[in-house]
Amino acid sequence: MNRKITAITGVISMMLVMVACKKEIMEQAGAVFPGFQRPANFPEPAYHFATNEVTQAGFELGRRLFYEPRLSRDNTVSCGSCHIQSSSFTHHGHDVSHGIDDRLGKRNSPPIMNLAWNTSFMWDGGVFDLDLQPVAPITAHDEMDESVDNVLQKLRAHPDYPGLFRKAFGSEEINTANFMRALSQFMVMCISSNSKYDSVMNNSGPAFTAAEASGYKVYRDKCSSCHTEPLFTDHSFRNNGIGIGYNNDSGRYAVTLNTDDLYKFKVPSLRNLKYTAPYMHDGRYYTLDAVLDQYSLHMKPMENLDPVLRQGGATGIPLTTQERADLIAFLNTLNDPVFVTNPMLAEQ
Amino acid sequence: MKYSFRYTSLLFLLFIAASCKKEKQEPAYNEKDLAPLSIEFDNIVGGKNLYLNTETYTNAAGESYSISLLQYFISNIRLKKADGTEYIVPQDSSYFLIKEGNKDFSEALVNVPEGDYAMLTFTVGVDSLRSTMDISKRTGVLDPSGGMDDGMYWGWNSGYIFFKMEGLSDAAPADPSGQHKFRYHIGGFGGYSAPTINNIKTITLDLTKAGIAQVRKGRKSNIHLMVDIDKVLSGTATVSIAANPTVMFSDFSTVIADNYTQMFRHDHTENE
């Protein structure tokens, strides 16, 4: 009797194990890693995938590193500290970011978004390769105040990282190149292409409302020469007439030492504006209304003001009340709730 | 018999002479058959050896100063024979960091075809091509992983620091920590997407006066250069520490870079 029960229990538990196994296999099969995929309405990326192909293990290592506070001197600040997913990977509510020891930086944290199409990085374009970008925040006194050398040593001493590097790159050796490549693999996967605008362009969702459609026309007439579709930036550096900031940040000039570049900053994308306030390189405008006031009413006719903002003897972009309301309706179609909640990009 | 002995001796002497002559002869140039050559960078200040921290020097502006850190990149080494044949050391083996006070970083060790070399050319800094290469090509001294203190790479403005010299001088204003420190971090490869300053400097030195480099297998040839650091502040241009206590990525950096092209002098060559 007892033996029979034992036998039956054994069979049942074996069946249970089999079911569990099957479920696990199915789950794995269901979550196939997509790799880097260019959205249908996006151009060819600028990033050099030939030297750094995105793999699941590389991406997952990069994600772990992105959220790893060991990248900072006292292990308190990670990339994700100032690049928060729910804020489209910016530092919500901070005009300029605070890093280690609550030291304040001098610029507004830019979004980690569609970087595979960026031709340069930082507000002044000082970094020309995404693989070299992390050196800047890691070594900056106000941000992580650490050396890459020291970060690599911390990772080598960690129980998980040698194995994760082996999975990603075939070797437990943790060096600068593989560390940077993993971070790039995570960052290029931070693609925002699921806004209403994108679904309209791809004919895969509801059409623009009347206000959005009018706003799209206003945008095309008055904004698109710099905020070019579909990334909503032309990656250029321009002086948009907001006036010299309190810290006299000279912008692009610091990189080129060319006086024509004084007070020029990179044109930011208009995607995900709902999540990325405050605006401008120093976060001086807290609302979209303040930004549009600036462009329509308060343009400063300073030296190097971009020619498109100085036309017919006047400066700025005139907007009627109606145009402004429509424009805001259109700009809101560029928000991508999928991007800011995508669990694949979140800290695990 | 006597005659025969004399004759043999003469032949023997001739034979020795011939073989001696043969030894001194330059071997045939073969780019696939390499021998070691070192180029030693011996940092001095005027007529004295350079000592970090402990010695005080005076520049042309009359300011006294001491040096706490001195590092610079030497790259793209080329050697030329008297007949014009030139050997370019393969780029992957042609980047060296010279660090004062560290014996392991005091010379550039390269391999070149056996031969007699009359002219040496090298770059102070890192060429623009390597400055823009993929991260996988940035290994060894080019690894951009150094810290703020002794690192030779700018993270915020992608590029190598070619020459880094720091020290103390009463002429320098007190910094927030109270130190009277001067800091010269010189770089700039010309810009990636927009042109900017280019401080890449090429130095060519004639070796014939102080001794050509006779590179042979199984021997060590060492080109001994004296590098007069005094020239950084007291070259063609007189640089005042008081007026320029900190020079990094700026137009004035080109003045210092022009000055430091004058600091290299061939002193002698050891052909052992």
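Which residues of α9(A) are buried? In this predicted model, they are Glu212(A), Gly215(A), Tyr216(A), Val218(A) and Tyr219(A). The legends below begin with this helix.

Figure 1. Helix α9(A) comprises the 13 residues 210–222. At 1.5 Å a residue these should span 18 Å, and the end C-alpha atoms are 18 Å apart, which agrees. The buried set consists of Glu212(A), Gly215(A), Tyr216(A), Val218(A) and Tyr219(A). Viewed down the helix axis, the buried residues fall within an arc of 165°, so they line one face of α9(A). An α-helix has 3.6 residues a turn, so residues three or four places apart point the same way. The partner against which the buried residues of α9(A) pack is α13 of chain A, residues 321–331. Ala210(A), Arg220(A) and Asp221(A) are exposed and are carried on the face of α9(A) turned away from the buried side.

**Figure 2. The loop between α9 and β1 of chain A.** Two residues of this loop are shown, Pro230(A) and Phe232(A). The peptide bond that joins Glu229(A) and Pro230(A) is cis, with omega about -5°. Phe232(A) has phi near 65°, a positive value in a residue other than glycine. Is Phe232(A) buried or exposed? With 23 other C-beta atoms within 10 Å, Phe232(A) is buried.

**Figure 3. Backbone features on either side of helix α11 of chain A.** Asn272(A) belongs to the loop between β2 (265–266) and α11 of chain A. Although Asn272(A) is not a glycine, its phi is positive, at about 65°. Asn272(A) is buried and has 23 other C-beta atoms within 10 Å. Helix α11 itself covers residues 273–276. In the loop between α11 and α12 (288–296) of chain A lies Pro278(A), which is joined to Ala277(A) by a cis peptide bond with omega about 0°.

**Figure 4. Thr287(A) and its separation from Glu146(A).** Thr287(A) is placed in the loop between α11 and α12 of chain A. Thr287(A) is exposed, with 11 other C-beta atoms within 10 Å. How many Å separate the C-alpha atoms of Thr287(A) and Glu146(A)? The separation is 34 Å, for two residues that are 141 residues apart along the chain.

**Figure 5. The side of chain A that touches chain B.** In this interface 24 residues of chain A are in contact with 24 residues of chain B. On the side of chain A, the elements that give two or more residues are α4 (135–139), α5 (148–156), α7 (176–188) and α10 (253–256). Which classes of residue make up this side of chain A? It holds eleven nonpolar, nine polar and four charged residues.

**Figure 6. Strand β10 of chain B and its paired strands.** Strand β10(B) runs over residues 159–168. Eight of its ten residues are buried, so the strand is largely enclosed by the rest of the structure. Strand β4 of chain B, residues 64–81, pairs with β10(B) in the antiparallel sense over six bridges. In β10(B), Met165(B) is the residue opposite Leu70(B). An antiparallel pairing over seven bridges joins β10(B) to strand β11 of chain B, residues 181–187. Here Gly187(B) in β11(B) is found opposite Ile161(B).

Figure 7. Strand β9 of chain B covers residues 153–154 and pairs with β10(B) in the antiparallel sense over two bridges.

Figure 8. The secondary structure of chain A amounts to 14 helices and four strands. Along the principal axes, the C-alpha atoms of chain A fill a box of roughly 100 × 50 × 35 Å. Chain A has 348 residues, of which 42% count as buried. Among contacts in chain A with a separation of 6 or more, 68% are between residues 24 or more positions apart.

Note on methods:
Residues numbered from 1 in each chain as written. Chains lettered and ligands numbered in written order. Predicted model: local features only at pLDDT ≥ 70, side-chain atom pairs only at ≥ 80, totals over all residues. Expected span 1.5 Å × (residues − 1). Buried ≥ 20, exposed ≤ 12 C-beta atoms within 10 Å, placed from the backbone. Arc of directions from axis to C-beta. Contact = placed C-beta atoms within 7 Å. Nonpolar A, V, L, I, M, F, W, Y, C, P; charged D, E, K, R; others polar. Pairing = 2+ DSSP bridges.
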